[in-house]
Every structure is written in C-alpha cells, then in structure tokens.
Amino acid sequence: MFGLEALDLARIQFAFTISFHILFPAITIGLASYLAVLEGLWLKTHNDTYRDLYHFWSKIFAVNFGMGVVSGLVMAYQFGTNWSRFSDFAGSVTGPLLTYEVLTAFFLEAGFLGVMLFGWNKVGRGLHFFATVMVAIGTLISTFWILASNSWMQTPQGFEIVNGQVIPTDWLAVIFNPSFPYRLMHMATAAFVATAFFVGSSAAWHLLRGRDNPAIRKMLSMAMWMALIVAPIQAVIGDFHGLNTLEHQPAKIAAIEGHWENKGNEATPLILFGWPDMKEEKTRFAVEIPYLGSLILTHSLDKQVPALKEFPPEDRPNSTIVFWSFRIMVGLGMLMIFTGLWSLWLRKRDTLYSSRPFLYLALWMGPSGLIALLAGWFTTEIGRQPWVVYGLMRTADASSNHSFMQMSITLILFVVVYFALFGAGLGYMMRLVRKGPKIDEGKETNDGGPGQKRTPARPFSAADGDHIDADHSLTKEI
C-alpha cells in the first residue's frame, strides 16, 4: 500500500509514538524548573502571587508528568518488539544507559514527587521546596541519560564490535561522545523555551479576555523574560551544534542545506527555499544567497560545505524532509527571538499587558516551542538515516522480522489509542489552563483548599466541576 513496506511502517510507528512522547518530557522539564523558581521566590519574598502560580502550574505538571511516563513505557517496549536486531547489536550500550536513567532520575523524581504534589500542608516549607528542587533536578538528569544514549547512536565511540555485537570499552567515551554536549544543551534549552511560550500563551489568553490580575501578569512577565534571554542563547547553541554535525555527520548537513554539488572553488551559497528532488538530484526552485552557506556553516567566505553527490545514493538522508523541517525550526526560532524583543520594547513603554496585537502573537506562539522541538527532532533523526547507529548499523538491518499486516494493525491501534488516551489528557490539561490561577486579594494568607477562592493545593482539584461558572462561556470559544 502506497509503496510502503513493513520497515517503513515500523519507522512511522516509532516516529508517531516518539512525537507524542517527546512533547510531555519537554514541558515536564521546563515546568519542574519553573515550579522550583516560583516556590523559591515565594519563600524569599512572601509574595502570595508566586504561591498561587505554583499551585496552579503544579496541577498541569502532574497531568503532563503522568502522560510522559505512560508514553515513555511504550517507547521502551518498541526496542524489543519492533527493533530487536538493533537491541541485540547495541543493547549493551543503550540498555545500561537507560537503566542509569531509571536508577537515578526516575527514582529521584518518584521519590520526591509525592511530597511535592501532596505535601504542601503536611511538611515544612524547606522540605517541600527541597522536594520540588529534587524533582526539577531529576528531570534534567533524565535528559542527560536519554541524550547520552541517543547521541551515542549519532556519534558512536568508546566500543568495539565482537561477534557482531557492540561491547563498551570506555564508558566515559560512550557517554561523552562528540555530539552529546551540544545535543544535551540544545534539548534542555528547547524545553525551557517551549515551556516559556506555553506559559506566556496561557497568560495572553486570560489577558485578552479581560482577566487581569497580578498572577496572570506575573506569568506573562516571567515567560517573556525567559523568551528574551533563552531564545537567542538557543540560536548560539544551535550554531555550535551545526558545526559539530558538519564535522561528524556531513551528509546530514548537506541534506539539510539541499546542497547537491560544489562548483570549482566557489563558496557554498545558502538556499533559503526550494524543493530538494531526491530522484533528479537537484533542488528545484532554489532561492540562494551567495557565500552565506559557507559563512554560516564554516564561519568563512571561501570554505565549501560537503555536497550530497559526494556520498553514495544509499547513504543520503531524505533531503526533501529535513530541508523543510530544519527551516520550520529556524523560522519559529526567529519568531521567538522577535517576540522576546517586542516584549522588551512594550515593557519599557508600560504596555506589555495591554497591547492586544502582542497578546495575540503571544497566544498563537504558545505551541511554537513544541512545534520547533518536533521539527528539530525530525531533522536530527531523519538526517541520521539510513543509519540507526551512524556508520555501524543500517536501519534496514535493525528492525524485527514482522510482516506488513502485523505492522499495519499495530500502527492503527497505536493511532486510535494515542488519540483517545492522550487526547483526553491534553483536553483535561487545557481545561486547567483555561481556568487559570484563582486568587482572593482580600485573603492574602489563604492557603487554598475546599471552599477557598485561592488556587487549592490539592492536585487535579483546579478543574472540579463546581468551579466552572462564569468562565464556561469562554471555554466554548476555544
């Protein structure tokens, strides 16, 4: 069907499940650190606005964390069901790295998560803050081990192959492989940026509907400060990551650029837009800027970038996909930087919370961080093809021996179950976002709870049916 084989369906299934999964850890990483900052600021300043925001976002964090755990379990099972030959070949490296993630990050998160979510009125303030910080650190440790495993697949080192299996010889080399530092910083920063725009979009939604209070303003202010500072930093990290990729995966860079061949000693132009044609081996409708490709990718005006025709056809990534996924990521990144700069200008004019054009931009930029993250992930993973372990094992040799019918049935089941299960979870999470933090300026010492107007400390209670009153009509607009 459609020229697809069982291998293609296995790849689509993995891409589908990981596309769902990666969204939840990204928001979990960002929200965990955001919650730690909010609680720390509340302890330092005794400003109840920070406490209100903590209780509000902790509910959303809890739902997101649960969906991330569930979707992550499926990812682990797929290595054994659909990619058993890869597990047999590289399991001695990827298996221990994922085990370290469970033994360190997951146990740390699980150990303190209960105190963080349920212990607000049951433990001391210092201990509760410590639990929140530990959960935040746990999410970053989890990112460390997951990126170490995936980066090793991109730039493998510290091993030898014995009887057709990878045997680690230097674990420090395995973990700190050449692409790992850049990919770790790029992914962690992407999570913070995505969360900032998610939070900022939530605040903009409430402000556009006339719900202007200190908590909503603080949400937007903190989100825009984060965007202003971190989005440009992400662009710099991306540049370093690109230089590293050029050194270790030149075919990926050539595919990203849609660059097919060099002409004499001419510098490489930057193709802004076009349509890479894998069969014709050229980029159609190319809009080029002379010299800019060499300047961006080699930081010189005379060095050339490797071209796709320098690699055998069977070793070329699909340029048509990664060319555009990369540009979606970069384009959204530019919009994020612009949004941060505009927020600074409005802040100086004291119109940050009242400029409706800006608030609409902030609202529509809400999913931009997650879309950019997915586009970057597609660029990284599809750009690695046709290798599952770069230069060592091809994707075609890594899959299990399943039939087309088996893969079709499981893919359909995944699609149905994921949209039903995670659709419900996302719907509930957005319901929480639409309610917003509840405050009562006349009761500054109110800790929240049943019958209280302030956001309650109990997990999942912010969306109780008895709270849905005046905002019900606004919910219908979304």
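**A serine and its neighbours**

Author: Happy to. Leaving out residues up to four places away in sequence, Ser-202 touches Trp-57, Met-219 and Val-433. Bear in mind that this is a predicted model.

Reader: Thanks! Where is the place of Ser-202?

Author: Ser-202 sits in helix H6, which covers residues 180-208.

Reader: And is Ser-202 buried or exposed?

Author: Ser-202 has a relative accessible area of 5%. Buried means under 20%, so Ser-202 counts as buried.

Reader: Switching topic: what distance should helix H1 span at 1.5 Å a residue?

Author: H1 runs over residues 6-45, and its 40 residues should span 58 Å. Its end C-alpha atoms lie 59 Å apart, which agrees with that expectation.

Reader: Nice. What comes just after H1?

Author: His-46 does, and there phi is positive, about 60 degrees. In general, most residues other than glycine have a negative phi. His-46 is not a glycine, yet its phi is positive. His-46 lies in the loop between H1 and helix H2 (48-81).

Reader: Is His-46 buried or exposed?

Author: Exposed, as its relative accessibility is 55%.

Reader: Which residue other than glycine has a positive phi near 55 degrees?

Author: That is Glu-281. Glu-281 is in the loop between strand E3 (270-277) and strand E4 (282-289). With 27% relative accessibility, Glu-281 counts as partly exposed.

Reader: Got it. Now peptide bonds: which residues does a cis peptide bond join?

Author: Gln-385 and Pro-386, with omega at about 10 degrees. Pro-386 belongs to the loop between helix H12 (368-384) and strand E5 (387-389).

Reader: Last topic, helix packing. At what angle do H10 and H11 pack?

Author: H10 (residues 319-348) and H11 (residues 356-364) pack at about 150 degrees, and their axes are 11 Å apart. The crossing of H10 past H11 is left-handed.

Reader: Which residues make the contact?

Author: From H10 there are Phe-338, Thr-339, Trp-342, Ser-343 and Leu-346, and from H11 there are Pro-357, Phe-358 and Leu-361.

Reader: How many of the residues in that contact of H10 with H11 are nonpolar, polar or charged?

Author: Six are nonpolar, two are polar and none is charged.

Reader: Great, thanks for the tour!

Definitions and conventions
Residues numbered from 1 in each chain as written. Predicted model: local features only at pLDDT ≥ 70, side-chain atom pairs only at ≥ 80, totals over all residues. Heavy atoms only, no water. Helix = DSSP H or I, 4+ residues; strand = E, 2+ residues; numbered from the N terminus. Expected span 1.5 Å × (residues − 1). Axes fitted to C-alpha atoms, helices over the stretch in contact; angles between N-to-C directions. Left-handed = near helix turned anticlockwise from the far one by under 90°. Contact = heavy atoms within 4.5 Å. Nonpolar A, V, L, I, M, F, W, Y, C, P; charged D, E, K, R; others polar. Buried < 20%, exposed > 50% of the residue type's maximum accessible area, 1.4 Å probe, protein only.
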